[in-house]
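This briefing is meant to be read beside the sequence and the coordinates.

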Amino acid sequence: MYRTLDPDWSGEVVIADIDRTYLATRFSSMKGMLRIPFERAAEKRDIEGMARLLRELRRGPGRRTRDTPLFFLSASPKQLRPVIERKMGLDGISFDGTTFKDWGRVFRSARPKRIKEQIGFKMTALLTSRTQMPEGAHEILLGDDLETDPVTYALYADALASRIPTDELAQVLRRNGVGAGDAAHIERLRRELRPGRGVARAFIRLERHDDPDDFLPFGPGVVGCRLSLIHI
């Protein structure tokens, strides 16, 4: 995090995915994934309407900006941070922090399949950032329906709200493809977390699906929608 909120602060905190939520990143092949770190900021294409949406979420209603805390979470390599942050600057998006996956560490671990495993990575990142938020913060999550954002956000919201008992969290994560070590670490993070307001809404940008009702099975607060229906 680049911005530390006052312990007494209360309100919405927006956490947005980047790939296929804000930027039109292509992950259709390993070759495409490996090309991502070498793209320049000006070559990055934002998904139509998303830059404006993020600016408006940051600003809020009214004449004066409410400077809503805005953080980004991406499975792209951390070496891409300067490029992505420059792209955000070009799009006029101010923000408070970014989190990226350490691809180099994954390759050194001789477990390359973790490059495409997103649930464990994002759950770890979300819980870690939660430890740095005041208790009065409640999160608005933005993602897409192309990979695992719906299930990740549902698991995260359920874990925070204790709809998943903490001592069962690792087992649930393993059933969803998270490695044993990562699942155990995530359970420890949740166990050590102090109480807070949790997730208010998780908005899923529809690209693969047409019907927002497809997300009803993910539980309360996970909402499939078009850009025009995202309001906080």
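By the distance rule for charged side chains, the count in this structure comes to 16 salt bridges. The model is predicted, and the values below are computed from it. The points that follow are grouped by topic, beginning with the charged pairs.

**Salt bridges**

- Side chains of opposite charge can pair when their charged atoms come close.
- D96 forms a salt bridge with R3, and the closest N and O atoms of the two are 3.3 Å apart. Because D96 sits in the loop between α3 (81-90) and β3 (97-101) while R3 belongs to the segment before β1 (10-17), this pair ties together parts that are 93 residues apart in sequence.
- The side chains of E139 and R130 meet in a salt bridge with an N to O distance of 2.7 Å. E139 counts as buried at 0% relative accessibility, and R130 likewise counts as buried, at 5%.
- K87 and D91 form a further salt bridge, in which the closest N and O atoms are 3.4 Å apart. K87 counts as buried at 7% relative accessibility, as does D91 at 14%.

**Strand β2 and its neighbours**

- How many of the residues of β2 are buried? Strand β2 is mostly covered, with 8 of its 8 residues buried.
- On one pairing, β2 is joined to β1 by 4 bridges, and these two strands run parallel; within it, I15 has F71 of β2 as its bridge partner.
- On another pairing, β2 and β3 are also in the parallel sense, over 4 bridges, and here the bridge partner of F72 is T98 in β3.

**Aromatic rings**

- A pair of aromatic rings is described by the distance of the centres and the angle of the planes.
- The count of aromatic pairs comes to 3. F72 and F95 form an edge-to-face pair, with 6.1 Å from centre to centre and 80 degrees between the planes.
- Why does the pair of F72 and F95 tie together parts that are 23 residues apart in sequence? F72 lies in strand β2 (residues 70-77) and F95 in the loop between α3 and β3, so the contact ties together these parts of the chain.
- F72, which has a bridge partner in β3, counts as buried at 2% relative accessibility, and together with Y22 and F95 it forms one aromatic cluster.

**Positive phi and a loop position**

- Most residues other than glycine have a negative phi, and most peptide bonds are trans.
- D67 has a positive phi of about 55 degrees although it is not a glycine.
- S162, another residue other than glycine, has a positive phi near 65 degrees. S162 is found in the loop between α6 (149-160) and α7 (169-175), where S162 is partly exposed with a relative accessible area of 48%.
- D210 lies in the loop between β5 (199-205) and β6 (222-225). Is D210 buried or exposed? D210 is exposed, with a relative accessible area of 64%, and from C-alpha to C-alpha D210 and R226 are 9.5 Å apart in space, while being 16 residues apart in sequence.

**Enclosed cavities**

- A search of the whole structure finds 3 cavities of 30 Å³ or more, and the second largest cavity has a volume of about 50 Å³.
- Which residues line the second largest cavity? Its lining consists of R130, T131, M133, P134, E135, L193, R194, P195 and G196.
- By residue class, this lining of the second largest cavity divides into 4 nonpolar, 2 polar and 3 charged residues.

Note on methods: Residues numbered from 1 in each chain as written. Predicted model: local features only at pLDDT ≥ 70, side-chain atom pairs only at ≥ 80, totals over all residues. Heavy atoms only, no water. 1 Å grid on protein atoms, 1.4 Å probe; cavity = no way out; pocket = protein on both sides within 12 Å on 5 of 7 lines; lining within 4 Å. Points joined across faces, edges and corners; volume = space filled by probe spheres on them. Nonpolar A, V, L, I, M, F, W, Y, C, P; charged D, E, K, R; others polar. Salt bridge = Lys/Arg side-chain N within 4 Å of Asp/Glu carboxyl O. Buried < 20%, exposed > 50% of the residue type's maximum accessible area, 1.4 Å probe, protein only. Phe/Tyr/Trp six-rings, centres within 6.5 Å; stacked < 30°, edge-to-face > 60°. Pairing = 2+ DSSP bridges.
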